[in-house]
Structure formats: C-alpha cells, structure tokens
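Colleague: I have a few quick questions about this fold before I set anything up. Could you walk me through it once it is on screen?

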Amino acid sequence: MKLSRRVGRFNRLINNPLQGTYAWLLPPWTVILHRGRRSGRSYRTPLLAFRQDHNLIIALLYGEESDWLRNLRAGGGSVVRGGRTYEIRELHVHDTARASELERLPRVPRAYCRLAEKQVVLELGERLPGFGARRGGR
C-alpha cells in the first residue's frame, strides 16, 4: 500500500513539526537528519524505525519518491534515536516480500512494515556528538 502525496504533504506541514518535538527521544520514533539535494537546506524528518542489531528498518509508506530518501541517497545524513545521534553508513531498499530482516522483528512492527511495498534498511555507524544541525541555525 502506498499513501498518496497529499497525505505526505499534510504530514510534512502538520505532523512532522509536532512529532519532531518528541521523536528524537522516544523509540521506535527516529529523526532522520538530511540535506536537501538542490537547496542544500538541513531537514529533520521524524519516522518510525525498528532497530535490529546495527540496522534500522523503515517502511516506505510513500514509496521511493520520499524526499528524505532521495536526499540520503544524494548526500548522506544521520539518525537521532533515543537521544543519540548516529551516522548512516549504508542504505538499502528491499521489496517487503523479500525482506528477510522483517522475520526477526516482533509481530506488531512486522505487521506495520508489511503495509509498505518496500523497506529501507539503514546501517548505523559510529555515534556522533550532539543532536545534529537544526533548521535556521538554532
């Protein structure tokens, strides 16, 4: 199931600013820090991500056209989860039907991830200091 771009725009304008106030601190919420491909502007996108060893599994509910995913592919980024910041070493997109990583997730996160046709697996690297750059230089 792929959600419409209208839902994505609503989430970007309304939900993301609200979720961004707590997502960096409360797993399974995660904040992806990335830089715009064209604008160079810093962004903070809250998402549900499920940890498995040194990886985070994220359901692509909007498909591979998500701005955060395109920005990560173009220029990398980092992740804030549980108040800690980590670099993103690698990023892989898998079809949900073939994603073997899902089998080791608990039942509820696995069911959530199966809502999407594709999954992103982020390999986490070293822990970084601080919470990353904020919008507007704050």
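Colleague: Is strand β2 buried or exposed?

Modeller: Bearing in mind that this is a predicted model, strand β2, which covers residues 42-48, has five of its seven residues buried, so the rest of the structure largely encloses it.

Colleague: Which way do β1 and β2 run, and how many bridges join them?

Modeller: Strand β1, residues 29-35, runs antiparallel to β2, and seven bridges join the two. Within that pairing, His34 stands opposite Tyr43 in β2.

Colleague: And how many residues sit between β1 and β2 in the hairpin?

Modeller: Six residues lie between the two strands of the hairpin, and in the turn Gly40 has a positive phi of about 75°.

Colleague: Changing topic, where is Gln119, and is it buried or exposed?

Modeller: Gln119 belongs to strand β7, which spans residues 118-128, and with a relative accessibility of 1% Gln119 counts as buried, because the cut-off for that class is under 20%.

Colleague: What does the side chain of Gln119 make a polar contact with?

Modeller: The side chain of Gln119 makes a polar contact with the side chain of Thr96 at 2.6 Å, and the Gln119 side chain also reaches the backbone oxygen of Cys113, at 2.7 Å.

Colleague: Which residues is Gln119 in contact with, leaving aside its neighbours within four places in sequence?

Modeller: With those neighbours set aside, the contacts of Gln119 include Ile57, Ile58, Ala59 and Leu60, then His92, Val93 and His94, as well as Ala99 and Leu102.

Colleague: On to charges, then: how many salt bridges does the count come to?

Modeller: The count comes to eight salt bridges. One of the pairs is Arg104 with Asp53, whose closest N and O atoms are 3.6 Å apart. Arg104 lies in the loop between β6 (84-95) and α3 (107-113), while Asp53 lies in the loop between β3 (50-52) and β4 (55-59), so this pair ties together parts that are 51 residues apart in sequence.

Colleague: Are Arg104 and Asp53 buried or exposed?

Modeller: Arg104 counts as exposed at 56% relative accessibility, and Asp53 counts as exposed at 55%.

Colleague: What does Glu64 form salt bridges with?

Modeller: Glu64 forms a salt bridge with Arg73, where the closest N and O atoms are 2.9 Å apart, and another with Lys118, where the closest N and O atoms are 3.0 Å apart. Through salt bridges that share partners, Glu64, Arg73 and Lys118 are joined with Asp95 and Arg98 into one network.

Colleague: How accessible are Glu64, Arg73 and Lys118?

Modeller: Glu64 is partly exposed, with a relative accessible area of 25%; Arg73 counts as partly exposed at 45%, and Lys118 is partly exposed at 28%.

Colleague: Last one: which residues make the nonpolar surface patch?

Modeller: Phe10, Leu13, Ile14 and Leu18 make a nonpolar surface patch of about 430 Å². Of these residues, Ile14 is placed in helix α1, residues 5-19, and Ile14 is partly exposed, with a relative accessible area of 41%.

Definitions and conventions. Residues are numbered from 1 along each chain as its sequence is written. This is a predicted model: local features need pLDDT of at least 70, side-chain atom pairs count only at pLDDT 80 or more; totals for chains, interfaces and linings use all residues. Side-chain values use heavy atoms; hydrogens and water are left out. Patches are made of residues with over 30% relative accessible area and no salt bridge: like charges are joined within 9 Å, nonpolar side chains (Val, Leu, Ile, Met, Phe, Trp, Tyr) within 5 Å. Accessible areas come from the Shrake-Rupley method with a 1.4 Å probe; for residues, only the protein chains shown count as cover. A salt bridge is a side-chain nitrogen of Lys or Arg within 4 Å of a carboxyl oxygen of Asp or Glu. Helices (H or I, at least four residues) and strands (E, at least two) are DSSP runs, numbered from the N terminus. Buried means under 20% relative accessible area, exposed over 50%, partly exposed in between (1.4 Å probe, protein chains only). A polar contact is a pair of N or O atoms within 3.5 Å; within protein, one must be able to donate a hydrogen and the other to accept it, and residues adjacent in sequence count only if both atoms are side-chain atoms. Contact means heavy atoms within 4.5 Å. Two strands pair if DSSP finds at least two bridges between them.
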